[in-house]
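This report concerns the model shown below. Please keep the sequence and the coordinates at hand while reading.

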Amino acid sequence: MRIALPHPALALSAVLLAALAWTFEPSAGHAQSAEEEGLRIATEARERQKGYGNFTASLNMILRNKRGQESKRELRLKVIEVDDDGDRTMFVFDRPRDVKGTAFLVHAHKNDPDDQWLYLPALKRVKRISASKQSGSFMGSEFSYEDMGAVEVEKYTHRYLRDEPCGEFECAVLERIPLSEDSGYSRQVVWLDRGELRSMQIEFFDRREAHLKTMVIEGYQQFLDRFWRAGTVTMTNHLTGKSTVLSWSDYEFGTDLDLSDFTKTALKRAR
Amino acid sequence: MRLPLLLSAALSLLAPALAGGAHAQDGIADLIELSGRLSTEARLYPGSPVHPGQRSHASGFAAEATAYIEDDDGTSFTFTPFYRYDAGDPDRTHADVRDAYLLMYGDLGDDEWELRLGVDRVFWGVVESRPLVDIVNQTDLVEHPNEKTKLGQPMVHVTWSGDWGALELFGLTGHRTRTFPGRHGRLRPAPLIDHDRTSYESSAEEWHVDLAGRFSGSFGPLDVGLSVFDGTSREPTMLPTVVGSTIVPPPFVLAPYYERIRQYGVDAQITTGQWLLKLEAIHRAGAQNRRYEEEDYAAFITGVEYTINQVWESDADLSLIAEWAHDERGEWATNAFESDVLLAARLGLNDEYDTQFTVSSLESLEYSSRAISAEFKHRLSDSWSLHVEGLAYAEIDEKDVMYDVRRDSFIEVNLDYSF
């Protein structure tokens, strides 16, 4: 059989035409790669959370083991936004009683590892601790330190997977892969509702690609007519059968906090 | 006693602020936050005592409670009394005011000021072996030989802090004398310590005003503190003093003598990935060495801590610690850290009970001395927790400062109730 080779000039113009057609393709779905689309959605979701200034809230966690036994954690937190950097967060623990008064300060960074300090009231000691612990359990719960912080877009690569219904909403499903080697996850799959781009569910896959945990976020409330905040977050560990229900309450926005309330000096007087 | 006076002064300062507050109609009891810990302790010394009169156990309880009250501006008063009862050694039974201070703070342009007035505790340092740079508070040595528990110290403490770090100035008076085990207690030198013979180099005695300052800051992975202290030493020189003259050989006691010293200190930690690199160093002038000669000296403790997260594919993390302590005075150093190496491993299970195991070994490079310790911590419920610790003086050289405690290995069980 004989293959007819096209004229070289003709072949070139065909490629150019195809390229032009691709560039001006009106449907956005085909205009971008899955990676670009993923990044665009993740960036948009993050942008919508910006500008809240600061807030305070209470957290309470119920840890449940396989046999259904429960233990409680109670803490309060303060968060402030920083221009061109990650948020700063101060946690103060109330329960369990033996760690009451312990405080934890995080200066999150977009591209560098976070700075973290722990205040131990019994010795009045401030300890700088390593951010490499991010995959470790937060207070014995199913949440790890990395699950507790705000998700900075720069810390992941993103990929758009598909759209699908999620409960009463229509969701965009994204895959994100953590860039940090200290992360406990190989990847996460996130369901964001198309309307408000709120995280509705996240599946976590461990380094051996096993489906480790699922986080379900419910009871969103809107503050300052703009910012959506979760009511309850349930994390289920599929490998151990343990779960943690985290409930947010007492949200207060626009408080008089400023950056000087997030220093090592402020950590020593945290209540 | 000076503390009630200080307390009432602080309360009278706070009272107008509280009365003007929005909660003035509430009862004062509703505004006070209470927290604290009750702890039962059983400590057993399996080795037979070296010194006459010493007992083989120390058991009793300790209670520490904090009352905290704050007004609408954030001005607060904190009061923390402490009491320990020990059935074995009456000198270990003691009370202390750990905290009784007024705290105020406010903006200073983009920076911030903070004032703490009253009895407080201040900690400086980064290493695990022993507190070296830390000097503001007196050691409550009867609590534990690790020197980590401190007595409350009356002070004026001003802080100016900003993005660049923090500058702190301290005015300290009302020197506290170090607590020591008594005749019936273990972990003490052979001669008895006579607190009635305490003396000071300063003619103002315990009322000398000590001054201290510290700059501290965080620069990327580095946290650093530079400090200076000028005043009466927290570490006494133990002067052998003959008491009575009719007995041959005449018995003698140790009389604590507190010199005036000046100490410069640096504490630094670099936190990078799984590694912590640590250094504490001091230069002290004005203190006497083990030969009762005044000798200026430098000392340092440096080391690393390496943490393996999710070790053995579990939730646990394992920290390995190695530190080297060195004191320029060598064999004339006044403590057991003339030249020692600490090796330790700490396993935190990260479970809901916060279970933690620690084993460590402290070995002298100068003498053939070695101490080993093992510790276990476990939360039993929201309020109850268990703490078990064993400390073994495996081998203590005759020339070592620690020789008198060579048979004072102990095992201790604490059951704590927190509220």
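**Confidence**

The structure is a predicted model, with an ipTM of 0.90 and a pTM of 0.88. In chain B the average pLDDT is 91, and 92% of the residues reach at least 70. Two stretches of chain B fall below 50. Residues 1–7 of chain B keep a pLDDT under 50, and the model has nine contacts for them beyond four places in sequence. Residues 13–24 of chain B also have a pLDDT below 50, with 13 contacts in the model beyond near neighbours in sequence.

**Chain A and the interface**

Chain A contains five helices and 15 strands. Of its 271 residues, 32% count as buried. When contacts in chain A between residues at least 6 apart in sequence are considered, 43% of them join residues at least 24 apart.

The interface brings 36 residues of chain B into contact with 27 residues of chain A. On the side of chain B that touches chain A, at least two residues each come from β4 (94–108), β5 (111–120), β6 (153–162), β13 (260–272) and β21 (410–418) of chain B. By class, that side of chain B comprises seven nonpolar, 15 polar and 14 charged residues.

**Nonpolar cores**

Which residues have the most contacts inside the largest nonpolar core? They are L132(B), V136(B) and M402(B), in a core of 33 residues. Strands β7 (165–172), β15 (297–308), β16 (317–327), β17 (339–348) and β20 (384–395) of chain B each contribute at least two residues to this core. A second, separate core has 25 residues, among them A42(A), L174(A), Y185(A) and F204(A).

With neighbours within four places in sequence left aside, the contacts of L132(B) are G125(B), V127(B), E280(B), I282(B), A299(B) and I301(B).

**A three-stranded sheet in chain B**

An open sheet of three strands in chain B has the order β8-β12-β11, with mixed pairing. Its edge strands are β8 (199–200) and β11 (237–242) of chain B, each of which pairs on one side only. In general, strands of a sheet pair through backbone hydrogen bonds, either parallel or antiparallel. Here β8(B) and β12 (residues 252–258) of chain B run parallel and are joined by two bridges. In contrast, β11(B) and β12(B) run antiparallel, with six bridges between them.

**A buried serine**

S227(B) belongs to strand β10 (residues 222–232) of chain B. Is S227(B) buried or exposed? Because 23 other C-beta atoms lie within 10 Å of its own, S227(B) is buried; the cut-off for this class is 20 or more. Residues up to four places away in sequence not being counted, S227(B) touches W124(B), V133(B), A212(B), G213(B), R214(B) and G265(B). S227(B) and E168(B) are 59 residues apart along the chain, and their C-alpha atoms are separated by 9.2 Å.

**Backbone geometry in loops**

| Residue | Phi | C-beta atoms within 10 Å |
|---|---|---|
| N350(B) | about 55° | 23 C-beta atoms |

E209(A) sits in the loop between β10 (199–206) and β11 (211–218) of chain A. N350(B) is in the loop between β17 and β18 (356–364) of chain B. With 23 other C-beta atoms within 10 Å, N350(B) is therefore buried.

A further backbone feature occurs in chain A, where a cis peptide bond joins R95(A) and P96(A), with omega about 0°. P96(A) lies in the loop between β3 (88–95) and β4 (103–107) of chain A.

Note on methods:
Residues numbered from 1 in each chain as written. Chains lettered and ligands numbered in written order. Predicted model: local features only at pLDDT ≥ 70, side-chain atom pairs only at ≥ 80, totals over all residues. Core = buried A, V, L, I, M, F, W, Y, C linked by C-beta atoms within 7 Å. Buried ≥ 20, exposed ≤ 12 C-beta atoms within 10 Å, placed from the backbone. Helix = DSSP H or I, 4+ residues; strand = E, 2+ residues; numbered from the N terminus. Contact = placed C-beta atoms within 7 Å. Nonpolar A, V, L, I, M, F, W, Y, C, P; charged D, E, K, R; others polar. Pairing = 2+ DSSP bridges. pLDDT = per-residue confidence, 0-100.
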